[in-house]
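Here is a friendly briefing to read with the model open in your viewer.

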Amino acid sequence: MAAQLDGVFVNSLQDVIKASKILVVGAGGIGCEILKNLVLSGIQDIEVIDLDTIDVSNLNRQFLFHKEHVGKSKAEVARKSALEFNPNVSITAYHDSITTPKYGVNFFKKFNLVLNALDNRQARNHVNRMCLTADVPLIESGTAGYNGQVEFIKKGMTLCYECTPKAAQKTFPGCTIRNTPSEPIHCIVWAKHLFNQLFGETNEDEEVSPDMADPEAGGETAGEAALNTEVDDVNGKGDIERVNTRQWAKNLNYDADKLFNKFFHDDIKYLLSMSNLWKNRSPPQPIKRGEFPEETTNHTTNNASVLPDQRIWSLEECYKIFSDSIGALKSDVEKLADNDHLVWDKDDKSAMDFVAACANIRAKIFNIPVKSRFDIKSMAGNIIPAIATTNAITAGVVVMHAFKALAGDLEKCKTVYMRPTLNPQNYLLVPEKNILPPNPKCYVCAPKPSVCLQVDTTKLTVKELRDEVLVKTLNMIDPDVMLESKGLIVISSEEGETDCNNNKKLNELHIVDGVELKVDDFLQQYELSVLVFHADAERDKPLFEIVGDRDAIKQKSEIDEEAEKAKEETAPGDGPSPSKKARVEVQDADEQDDDDLQLIEDDETEDASAPSTSSNANLKRKPADSAAGEGCSKKAKIVDSDDDLIMIEDDD
């Protein structure tokens, strides 16, 4: 197209455009616009990858897709639609995840440029690392409503995607979700957990039954027997056998009435028996099938002019949708292979209906404002409304940056922000003044990446170290962990080699305060030094924190010491303790630090040309002896000392 017409581009850029090979990661709102722009610009060799399929909700802003494409691969359909603009272009489409092992460093090295149009941080982190390792320029982009952002990333020259902290997805204590919800989001999280307990991948941290270990309950056990029998089965000998929630539901053939009464009546009755919880709260009101209380109609939200998804459902409507969605989900589960499970998706009608109905029923029980299905979908899927115009403008900036990068004008590729209103200089598109250099303390792109892990080494297990810290928090794919001081492989990427360590606490393997672990991810070609600092974990506090700077640990320790000193100096013999004020002030300081220093997801990448930092990197070491042990997973909180620069996510 444009590159094939003389005079549109200068000759040098025209030749580069014709010879370039570009990878587009993501074929959603921004990805479709980028692909169209590349094709019309005359890029001759393009590859696009996206794991997602087309949903009806995509059609209002992802114009390469039409009604007849619903349910089909985004990447494949985007390819076919883009070729209609210019059939002379070579476009290869992959309906796959970019994080799978076959898209390794060699895959990335064949491209002149990578353009990210993703909607989740895990994949963004992974692509960031792969591009750093392959030394291929990356252009990041994202939108949120009327806001947009485009960021150029080049190894050794600019900040990488993980150089700066990212805002955390808020998490809530388990006892709040299970026992004392007070906001609509608490009910929505509980409903998503219930979906997983019945149909999805079960997780001990997503239990939905009342939390008997809640410290506010004061150790009360009244009603516990009644609660337990709800998920007990009687075997042929008359003995009671404990079964998990899913098996219990299967034994009932997913009877909607019995499930309803269990989760919205019997469990609530049990919560009421924990009287200490309700001394300063309004108690919940159990609801039993067939005994629904009378409701006042909300005329504002239920009149004929309101769209169906924006109506507020009555309790009867919630029950009907609850029952219908269970029937549909039961049919979906029965089609799966043994031990397989469903995955909750905001765009799956039955899954979304189930969560919306359960969330609103629970909200009614706890006298919490109910929400429309539209609102619940936005909250459950962390959705910010997507604007087609924002996507189009952002994609245009991406391709303009691509031209500059291909022409070698890297200094002109400054980060650009799109704002909903004019700034004081009357600009909607606001560029950074300068290219920002790499963060020397970044644990991804620094010459020798390292990170500080503050952890309760007496409670965290090796399995949790792998799953919660390295994979979920630091976003590795398949890590190996070595304790060189003891000559041990703590975690191996080879299946079964170190399973004997899984349930051991870290201190059982001599991973204690001051120890340094060597971590390696072969797929990402990334090595990381993890410095371990022990800290006792209190109840309902995370078992670990990733701290980007050692000084942050020292500062936090000093704050804790000052708080303890204040408590000792001010605590009186009788009367209310003024030390509570000191504790509150310290907590506020910590929370403020967290807000300023959040870095909630992470991945790692390393210099592809750099030699291994370990002289024995390829040497297998002996696994530790097996031992029994148990642990409990906790959500991580990441603290970093750098200023917050948030990359806006693309819509899906």
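Predicted model: local features only at pLDDT ≥ 70, side-chain atom pairs only at ≥ 80, totals over all residues.

**Aromatic pairs and the ring cluster**

- Phe322 and Phe354 form one that is stacked, because their ring centres are 6.0 Å apart and their planes meet at 25°.
- This pair joins distant parts of the chain, with Phe322 in helix H12 (residues 315–334) and Phe354 in helix H13 (residues 349–365), 32 residues apart.
- Both partners are on the buried side of the cut-off, which is under 20% relative accessible area. Phe322 has a relative accessible area of 1%, and Phe354 has 0%.
- A cluster is built from ring pairs that link Trp190, Phe195, Phe199, Tyr254, Phe260, Phe264, Phe292, Tyr319, Phe322 and Phe354.
- Phe292, a member of that cluster, is in the loop between helix H10 (256–273) and helix H11 (299–302). With a relative accessible area of 17%, Phe292 is buried.
- Tyr319 is also in the cluster. The C-alpha atoms of Phe292 and Tyr319 are 10.0 Å apart in space, while the two residues are 27 apart in sequence.

**Charges over rings**

- Arg289 places its charged end over the ring of Tyr319, at 3.8 Å from the ring centre.
- Arg362 has its charged end over the ring of Trp190, 4.4 Å from the centre.
- Both rings, those of Tyr319 and Trp190, belong to the cluster described above.

**Helix H2**

- Helix H2 covers residues 29–41, which makes 13 residues. From first C-alpha to last, H2 reaches 19 Å, close to the expected 18 Å at 1.5 Å a residue.
- The buried residues of H2 include Glu33 and Lys36, together with Ile30, Ile34, Leu35, Leu38 and Val39.
- After H2 comes Gly42, which has a positive phi near 105°.

**Helix H15**

- Helix H15 runs over residues 388–406 and has 19 residues. Its C-alpha span of 27 Å is close to the 27 Å expected at 1.5 Å a residue.
- Among the buried residues of H15 are Thr390, Asn391, Thr394, Val397, Val398, His401 and Phe403.
- An α-helix has 3.6 residues a turn, so residues three or four places apart point the same way.

**Loops worth a look**

- Ser20 is in the loop between helix H1 (11–19) and strand E1 (21–25). Ser20 counts as buried at 3% relative accessibility.
- Ser20 and Asp45 are 25 residues apart along the chain, and their C-alpha atoms are separated by 6.7 Å.
- Pro87 sits in the loop between helix H3 (74–83) and strand E3 (90–94). Pro87 is exposed, with a relative accessible area of 62%.
- From Pro87 to Val39 the C-alpha to C-alpha distance is 9.1 Å, and 48 residues separate them in sequence. Val39 is one of the buried residues of H2.
- Asn339 has a positive phi near 70° and is a residue other than glycine. Asn339 is in the loop between H12 and H13, and at 81% relative accessibility it counts as exposed.
- Asn426 is not a glycine, yet its phi is positive at about 65°. The loop that holds Asn426 lies between strand E9 (416–418) and strand E10 (429–431), and Asn426 is exposed at 57% relative accessibility.

- Rolling a probe the size of a water molecule over the atoms shows where empty space is left.
- The largest cavity holds about 80 Å³ of space.
- Twelve residues line the largest cavity, and those closest to its centre are Glu151, Phe152, Thr158, Thr415 and Leu436.
- By type, the lining of the largest cavity has six nonpolar, three polar and three charged residues.

Definitions and conventions. Residues numbered from 1 in each chain as written. Heavy atoms only, no water. 1 Å grid on protein atoms, 1.4 Å probe; cavity = no way out; pocket = protein on both sides within 12 Å on 5 of 7 lines; lining within 4 Å. Points joined across faces, edges and corners; volume = space filled by probe spheres on them. Nonpolar A, V, L, I, M, F, W, Y, C, P; charged D, E, K, R; others polar. Helix = DSSP H or I, 4+ residues; strand = E, 2+ residues; numbered from the N terminus. Expected span 1.5 Å × (residues − 1). Buried < 20%, exposed > 50% of the residue type's maximum accessible area, 1.4 Å probe, protein only. Phe/Tyr/Trp six-rings, centres within 6.5 Å; stacked < 30°, edge-to-face > 60°. Lys NZ or Arg CZ within 6 Å of the ring centre and 35° of its normal.
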